[in-house]
Structures are given as C-alpha cells and as structure tokens.
Amino acid sequence: MSPIIIIGAGLAGWTTAREFRKLDSTTPVMLITADSGDFYAKPSLSNALAQGRAPAQLVSTPAAKMAQTLDVTLLAQTRVEAINPVTRTIATSQGDFGYSQLVLATGAQPIRVPVAGDAADRVHSVNSLDDFSAFHARLTDPQATGKHVLIMGAGLIGCEFANDLAAAGHQVTVVDPSTGPMAALLPAEASAQLRDALTSVGVTWHFGATVRSVSFVADADAQDSVLRVDLSNGHAALVDTVLSAIGLRADTALAKAAGLACERGIVVDAALQTSSPHIYALGDGAQYASAGNRTLPYVMPIMSAARALAATLAGTRTEVAFPLMPVTIKTPALPLVVASAAPGTPGDWRSAEPGLWQFMGAQGQARGFVLAGKQTSRRAEQAKLILA
C-alpha cells in the first residue's frame with residue numbers, strides 16, 4: 001500500500017500528520033524534509049534573542065520523537081527532486097517512492113533583491129531554524145563585534161527583529177522604501193506610533209531608501225571585517241551584520257516542474273486540492289481559493305487548513321473555512337494586534353479612540369481593526385464587531 005507522502009516538516013507538514021493521525025491510525029504516512037525535521041515554532045525566531053534563547057533551545061520536539069509519536073516514516077536531510085503526477089511517484093535524493101496522496105507543505109522562500117558589493121553574499125535571511133542558527137552564530141561570534149545590525153525591510157518581520165535585536169543590546173538600523181514601519185498593514189497614525197516606540201528603544205530608521213551595496217571594509221581594530229552599506233539616499237553605514245527581511249515568496253518550484261497550476265502560490269481549491277488529482281497543498285506555499293485566491297503566511301490559516309485536509313485525506317472531502325484571523329505583532333515596545341480587511345475592500349481607516357483603529361467599509365461596517373498597547377486586550381470584542 002503506497003503511503004500518504006508529506007513534503008515539508010514545518011508547521012504545515014507536521015500539523016497535517018498530527019491531525020490525520022487523529023482520524024486514521026493505520027494508513028502509512030511518510031514525511032520528507034530537506035532539513036532535520038525537528039519541530040519548532042517559527043514565530044519564535046524573531047523574538048528569541050532578547051530572551052537569550054539559543055537555536056537548540058527553540059526545538060520543542062526532536063524529529064525522531066515526532067515521527068515515533070505520530071507513527072510516521074521520516075526521511076530527513078532528503079531533497080525531493082521531481083514529482084510525477086501520472087505515475088504517482090516522486091524522485092528524491094534517497095530514491096523513488098510511490099504515493100496514494102501527496103501533500104505539498106513546501107513553504108516559502110525569502111525574497112532576495114539584487115545588491116551590489118563584494119559582501120552581498122553576507123546578507124542574512126531568517127526563515128528557518130537553520131537560517132536562525134547561522135544568524136545567531138554571526139551575532140555571537142567572539143571574533144566579530146556583531147553589535148550593529150542593519151535590517152532591510154520595515155514590514156512585520158523586520159519590525160519584530162528590530163525590537164528583538166534592540167532589546168538584546170544591539171545597535172539597529174532599518175532601511176525601507178516606504179514612509180513608515182508596517183506601512184502596508186497599519187493606518188498612518190499607528191505606523192507613526194510604532195516608529196516612535198521603536199526609536200525609543202534605539203532603532204534608527206531610513207525610510208524612502210533602499211540598500212544599493214554591501215562591501216567589506218577592513219577594520220584594524222577588529223579581527224573580522226566590518227561591512228559598509230551604501231543606501232540610495234546617499235547615506236553609508238558601517239555595520240557588523242545585514243539582515244534581509246523584505247518578505248517571502250511561495251516556493252512553487254517543485255509544483256511548477258510537475259505541471260501544477262501556480263500563480264502567487266500553488267493554486268488549490270476549497271478542499272486544498274491542486275490542479276492534479278491526489279496532490280494537495282497548504283501553508284505558506286499555497287494560494288487558497290477559500291481566501292480570495294490569496295496566500296496566507298501566518299499560523300492560524302495553517303491550523304485551519306491542516307484540520308480540513310486531514311479529514312479529506314481520511315476519506316471525507318472537507319472544504320476549509322478560514323475564520324477571522326487577527327495577528328499578534330511581537331513588538332513589545334508597542335504591542336499590536338492586526339486584523340486586516342480583505343485586499344481590495346473599499347473603505348478607510350478611522351481612529352475610534354487612542355490605540356484603536358477600525359477599517360470601515362463602504363456601508364459603514366467594520367472590516368478590520370488595529371489595536372495598540374493596552375487596547376490589545378480588546379481583541380475578542382473587536383472581532384465580534386467584524387463578524388456581526
């Protein structure tokens with residue numbers, strides 16, 4: 001009997017396996033991943049530094065224990081090279097395997113913009129535990145000063161890392177072409193408050209600017225090289241580390257090569273089936289029909305999708321229904337909760353009271369909200385207004 005094969009050992013892959021095992025304890029399941037497969041909470045990557053948590057401390061359950069508990073055959077450090085939807089087989093670095101159903105939980109990859117300079121390859125991105133391990137090693141290298149970090153991007157992840165790095169004692173500079181932090185998610189007033197809050201903990205901003213080049217500069221006082229970062233606004237900064245937090249792009253390479261329909265992500269219907277029978281997708285790599293053909297790069301959508309997909313894999317076709325999914329932003333300098341309106345929703349942001357903004361639709365109904373500071377305790381109350 002061919003197994004159900006899950007490609008990817010992030011939250012989407014492991015959660016699908018766990019939810020499936022609640023419904024079916026006998027069907028063989030194989031999980032294949034290019035990394036170790038250890039289970040960890042990805043959101044913890046952007047707030048571990050101030051807590052003094054090393055990469056190994058972020059692992060909540062080792063891969064072997066996960067596999068044993070869920071009765072899953074785990075192929076770690078294994079790359080999937082091709083999918084053949086016709087023969088229902090996959091080719092991997094450990095051989096070929098047949099599947100009864102295939103789940104793509106391949107996630108997303110950091111967006112990398114072209115940067116000039118002989119140190120361009122020293123720019124870090126953090127999208128996995130392995131990435132964080134390399135970044136953490138750079139920050140804690142006794143032969144490097146590691147104190148000044150320049151962050152490319154003032155979106156959600158960039159702001160979370162800026163707050164975390166500043167709280168951990170690092171000098172932080174953030175560069176972004178927009179007019180303020182998290183400009184795409186927040187009303188202008190909330191963005192300004194976040195900017196001021198992070199400035200108060202030591203973050204320096206360069207808005208309306210981009211990074212042009214990253215180059216080595218020999219520092220006679222240091223055993224390692226410092227980096228010179230030249231910005232489009234003419235400013236030059238000498239830093240120790242550069243972190244790119246520009247955003248993520250769904251990893252569709254494997255799916256595209258197999259002939260599956262892909263747009264911003266791997267296209268899936270309401271039951272998470274791709275354009276090919278017996279192949280499903282979820283997580284950061286999926287483009288959900290149930291969410292207006294959007295990608296949803298957060299934890300809550302993964303949990304909803306995994307439960308629905310598990311039921312479908314167990315024999316009961318189940319469509320995913322995404323609830324309202326407010327996002328908690330990990331910026332202790334100014335705690336935030338954001339519930340965005342669907343893209344393209346007509347309306348505008350209105351300040352209801354200090355620390356509370358509502359996105360009001362054309363018919364005068366709340367379609368989204370932002371809560372700041374102590375107002376974050378009103379998350380459930382505001383959610384009811386939108387669902388009413």
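Predicted model: local features only at pLDDT ≥ 70, side-chain atom pairs only at ≥ 80, totals over all residues.
Q: In what order do the four strands of the open sheet stand, and is their pairing parallel or antiparallel?

A: In general, strands of a sheet pair through backbone hydrogen bonds, in either a parallel or an antiparallel arrangement. Here the order is β13-β12-β11-β17, and the pairing is parallel.

Q: Which strands stand at the edges?

A: The edges are taken by β13 (203-207) and β17 (241-244); each has a single partner strand, so one side of each lacks a neighbour in the sheet. From one strand to the next, the twist averages 20°.

Q: How many bridges join β11 to β12?

A: Strand β11 (residues 148-152) and strand β12 (residues 171-176) run parallel and are joined by five bridges. Among the paired residues, Ile-151 has Val-174 in β12 as its bridge partner.

Q: Which helix lies across β11 and β17?

A: That is α3 (residues 129-140), which runs at about 155° to β17.

Q: Which residues of helix α2 are buried, and where do they fall around its axis?

A: Buried here means under 20% relative accessible area, and exposed means over 50%. In α2 (residues 63-70), the buried residues are Ala-63, Met-66, Ala-67 and Leu-70. Viewed down the helix axis, the buried residues of α2 lie within an arc of 95°, so they line one face. Ala-64, Gln-68 and Thr-69, on the other side of α2, are exposed.

Q: What do the buried residues of α2 pack against?

A: Their packing partners are α1 (11-23), β3 (39-40), β4 (59-61) and β5 (73-75).

Q: Which residue follows α2, and is its phi positive or negative?

A: Asp-71 follows α2, with a positive phi near 55°.

Technical notes: Residues numbered from 1 in each chain as written. Heavy atoms only, no water. Pairing = 2+ DSSP bridges. Helix = DSSP H or I, 4+ residues; strand = E, 2+ residues; numbered from the N terminus. Axes fitted to C-alpha atoms, helices over the stretch in contact; angles between N-to-C directions. Contact = heavy atoms within 4.5 Å. Buried < 20%, exposed > 50% of the residue type's maximum accessible area, 1.4 Å probe, protein only. Arc of directions from axis to C-beta.
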